[in-house]
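Please look through the sequence and the model shown here before reading the briefing on its charged pairs and one of its helices.

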Amino acid sequence: MQVLSVTPEIFPLVKSGGLADVAGALPIALAKQGVSTRTLVPGYPVVMGAFSRMKPLLTYSDIQGSEARLFAIDISGLDLLVLDAPHLFDRIGGPYGDASGAEWADNWRRFAALGQVGADIAAGAIPGYAPDIVHAHDWQAAMTLAYMRYGKAAGVPSVMTVHNLAFQGRFPAAIFSELGLPASAMSIDGVEYYGGVGYMKAGLQAAWAITTVSPTYAQEIRTPAFGMGLEGLVNLRAADLTGIVNGIDVDIWDPATDRHLAANFSAKTVKLRTANKRAVEERFQLDQDGGPILCVVSRLTWQKGMDVLSSILDEVVASGARLAILGSGDVALEAALLAGAARHPGRVGAIIGFDETLSHIMQGGCDAIVIPSRFEPCGLTQLYGLRYGCVPIVARTGGLADTVIEANEAALGAGVATGFQFAPENGNSFLHAIRRAVAVYADRPVWASIQRQGMKSDVSWARSAGKYAQLYRSLISRKAA
Ligand code: ADP
């Protein structure tokens, strides 16, 4: 089975969040299920810099305003199709905006181009390559499915995966005339969205099947609180919607071999984590004492509940826990957390930035990771936490609810607890969960059993890749029927 995956990010080349991890890990897990994946990605400078020029597979004289080329390369075991369109992607900054975080004004054009080329490949543009399935990730890839639907590849089964419905790719109606779609597409069952053009909406409408990254989030997005205006459409398509929880790359994220760590360890040698804890204390200039270190590795945003954390910071310190914060995002939240660190030297440390290596050390050395998200489609950091004995303390929402077993009395009694959950999402219940965790931490054998239980949970891609493979097969047989 041949899958064409279309994505705006892919680990290890370009990553701003969990979508990149998924796009990078799923093809490798699917290969073990007999599914081969080619992945179409934009030719950002980091991607173009990862290979030397060769003969392009395809050339275009005009894709959204200028010429473009498609290269096929193999990087880190991934079979990539790189869309080299310098007028769209050769820019300094992130995948969606400049270094200051301001979004590129022509994102609609950039990701329309990705979709046009995706649909072209789906229709057989590459000689000898006919994908059985096209799998689009998030709004940036969603237009692939719209171009397929209104073009030559309408008969190719497709999957739209929603990694976060909060990001929708919504643009003014004026762009429609430049998309190259038939006039009929500008309708309520096409790409039209509240009077403008909606890329995610268009993908949800056109996809043969829709998935999101956890069963709980699949239910949540059917409600106004989580559907962000798309709940009506999501409900209409409920029969084609499933939730498949993300896995993680358990080879990259393996505490027994992870080269980023000061000391490697396994479920049998959890005590060796201490060396990593020392490393965290040094990096964040935290006091050394016998209490727990809680950590944050996150985008610093409202979605992630970082304002809630900031509002209870003093009480968290009073509970006896120390806090190590790594993240970047909203300038106001960055400032608030830095101010919290300045208020509590030795107790709270904050590093603003994106640091993959440090994120590994924190998972391997901190005692718990706090994730107070208001919504969380899946979440990956709790999965890394489980695997590294860094006990997750999470809001009971989306994928967090699906992957962490709350340490209530029954679960503790049965020895199956893997972390702490809290609801509703507010400062009081979050603080209550932190206090519970601090109290349990004092009972070391119980804490160690929660750690070990987490480290035993299967957070690999194996089961979920099987579910994607099964979904692909069911769509192919629907096509045949
Ligand atoms: P989201 O995709 O919504 O940001 P996820 O939990 O799904 O949240 O994925 C976030 C990913 O980004 C994880 O791999 C996490 O370790 C990583 N990450 C987030 N912030 C940072 C940071 N400041 N430094 C290093 N890694 C980070």
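Predicted model: local features only at pLDDT ≥ 70, side-chain atom pairs only at ≥ 80, totals over all residues.

Residues are numbered from 1 along each chain as its sequence is written, and side-chain values use heavy atoms, with hydrogens and water left out.

**Salt bridges**
- The structure holds 21 salt bridges, each defined as a side-chain nitrogen of Lys or Arg within 4 Å of a carboxyl oxygen of Asp or Glu.
- Lysine 277 and aspartate 367 meet through their side chains in a salt bridge of 2.7 Å, N to O; because lysine 277 lies in helix α10 and aspartate 367 in the loop between α14 (356-365) and β16 (368-371), the pair ties together parts that are 90 residues apart in sequence.
- Both lysine 277 and aspartate 367 are buried, a term that means under 20% relative accessible area, with exposed meaning over 50% and partly exposed in between (1.4 Å probe, protein chains only).
- Aspartate 84 pairs with arginine 69 in a salt bridge whose closest N and O atoms are 2.9 Å apart; aspartate 84 is buried at a relative accessible area of 4%, whereas arginine 69 is partly exposed at 22%.

**Helix α5**
- Helix α5 (residues 138-149) has 12 residues and reaches 17 Å from its first C-alpha to its last, close to the expected 16 Å, which is 1.5 Å times one less than its number of residues; helices (H or I, at least four residues) and strands (E, at least two) are DSSP runs, numbered from the N terminus.
- Of the 12 residues in α5, 11 are buried, among them Trp139, Met143 and Tyr147.
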